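Please read this report beside the sequence and the 3D view shown below.

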Amino acid sequence: MKMFVCDLDGALLNTAHETDEKILRCLRQVHRKGCFFAAATGRNINGIRRNKGLWEAPVYLIVMNGACILDVQRNVIFRQSIRPDFVKELLLKFPEYHFEFITEDRTYVRISESEYIKDFQQRSIWRNTWVRKTPEEFEEYLSQYVFGADVPEICDREILKINCLELAPERYRRLEDHIRQNSDKVVNAPFEPKVFELTDREVDKGKAVERLMRIVGAEREEVAVFGDGDNDIPMLKRFPHSYAMENATPKAKAAASEVIGHYRDYAALTQIERLLSDR
């Protein structure tokens, strides 16, 4: 293997959704062996920057499901935004939906900060994770947001990804239908049901790994990929050495060439070390 690519939450990171010394030691081992490592995630850049260990590690970063790629010096080497006409239409057609419009360095939302916090506490899939965080950490998390943004302000930005959590069945179907009607503009690659993660139609983790593969000079057979969510399917399908975690979704498992252990047991690290020992 010449390059290892691993999803973060549910694959590489520990049960606290953080890096630890065991994970960082494995990343250093990959680097010492002369191989490349890339984290491939739906998180935005700020979501990685808060993880100091990973941010400072000599690894490539595929963020926002492939809408942006950063090199080991944290320079942007690829960026693909969503068409402005789609962004504007979404804002005007679904004004009551709580969208997150994500740029390279900010997340724009139409609701106020108090409304966002209330919504986060009631519905966010990450609220249980943030229970373990300090108030200062949550305040730092909120600092990346621009609250109360209006339509012109959002449309004036280069939107790389749009997130939305919609639990009401009718509202979900309405948005799903709209995305289907605009499949020539955007793709939805959520890591689990009820979550919308929209990017440009030419963006997914599989295409991002191929772009990075060409940059580092690797062949398809020299790349090993790891994932657990439905947004990992494009890369799990595309590469012969693909590994789904035991905790992966059924579709992700079906897309992978092999199912390995659970992320809480560091199964991805074990497999990476096994592949490194075969070099």
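## Basis of the model

This is a predicted model, in which local features need pLDDT of at least 70 and side-chain atom pairs count only at pLDDT 80 or more, while totals for chains, interfaces and linings use all residues. Residues are numbered from 1 along each chain as its sequence is written, and side-chain values use heavy atoms, with hydrogens and water left out.

## Nonpolar cores

In soluble globular proteins, nonpolar side chains tend to be buried together. A nonpolar core is here a set of buried Ala, Val, Leu, Ile, Met, Phe, Trp, Tyr and Cys residues joined through side-chain atoms within 4.5 Å. Buried means under 20% relative accessible area, exposed means over 50%, and partly exposed is in between (1.4 Å probe, protein chains only).

The largest nonpolar core holds 42 residues, and Phe4, Phe37, Leu61 and Phe226 have the most contacts inside it. Helix α14 (residues 267-277) supplies the largest share of this core, six residues. Helices (H or I, at least four residues) and strands (E, at least two) are DSSP runs, numbered from the N terminus. Beyond its neighbours within four places in sequence, Phe4 has contacts (heavy atoms within 4.5 Å) that include Val30, Phe37, Phe226, Ile272 and Leu276. A second, separate core has 25 residues, among them Met3, Tyr60, Ala208 and Ala256.

## A six-strand sheet

Six strands form an open sheet in the order β8-β7-β6-β9-β11-β10, with mixed pairing. Two strands pair if DSSP finds at least two bridges between them. The edge strands are β8 (145-146) and β10 (186-188); each has a single partner strand, so one side of each lacks a neighbour in the sheet.

Strands β6 (residues 100-102) and β7 (residues 107-108) pair in the antiparallel sense over two bridges. Phe101 has Tyr108 in β7 as its bridge partner.

## Aromatic rings and charges

Rings of Phe, Tyr and Trp (its six-membered ring) pair if their centres lie within 6.5 Å; planes under 30 degrees apart count as stacked, over 60 as edge-to-face and the rest as tilted. The whole structure contains 14 aromatic pairs. In one of them, the ring centres of Phe138 and Tyr141 are 5.8 Å apart and the planes are at 25°, so this pair is stacked. Both residues lie in helix α8 (residues 135-142), three residues apart, about one turn of the helix. Phe138 is buried at 19% relative accessible area, and Tyr141 is buried at 9%. Ring pairs also join Tyr116, Phe120, Phe138, Tyr141, Tyr145 and Phe147 into a cluster.

A charge sits over a ring if NZ of Lys or CZ of Arg is within 6 Å of the ring centre and within 35 degrees of the ring normal. The charged end of Arg171 is over the ring of Tyr97, 4.3 Å from its centre. Lys194 lies over the face of Tyr172, at 4.8 Å from the ring centre.

## Cysteines

A disulfide is a pair of cysteine sulfur atoms within 2.5 Å, and the count by this rule is zero. The sulfur of Cys68 is 19 Å from the closest cysteine sulfur, in Cys6, which is too far for a bond. Cys68 is buried, with a relative accessible area of 0%.

## A loop residue

Asp105 is in the loop between β6 and β7 and is partly exposed, with a relative accessible area of 44%. Not counting residues up to four places away in sequence, Asp105 touches Asn46 and Gln144. Asp105 and Lys93 are 12 residues apart in sequence and 26 Å apart in space, C-alpha to C-alpha.
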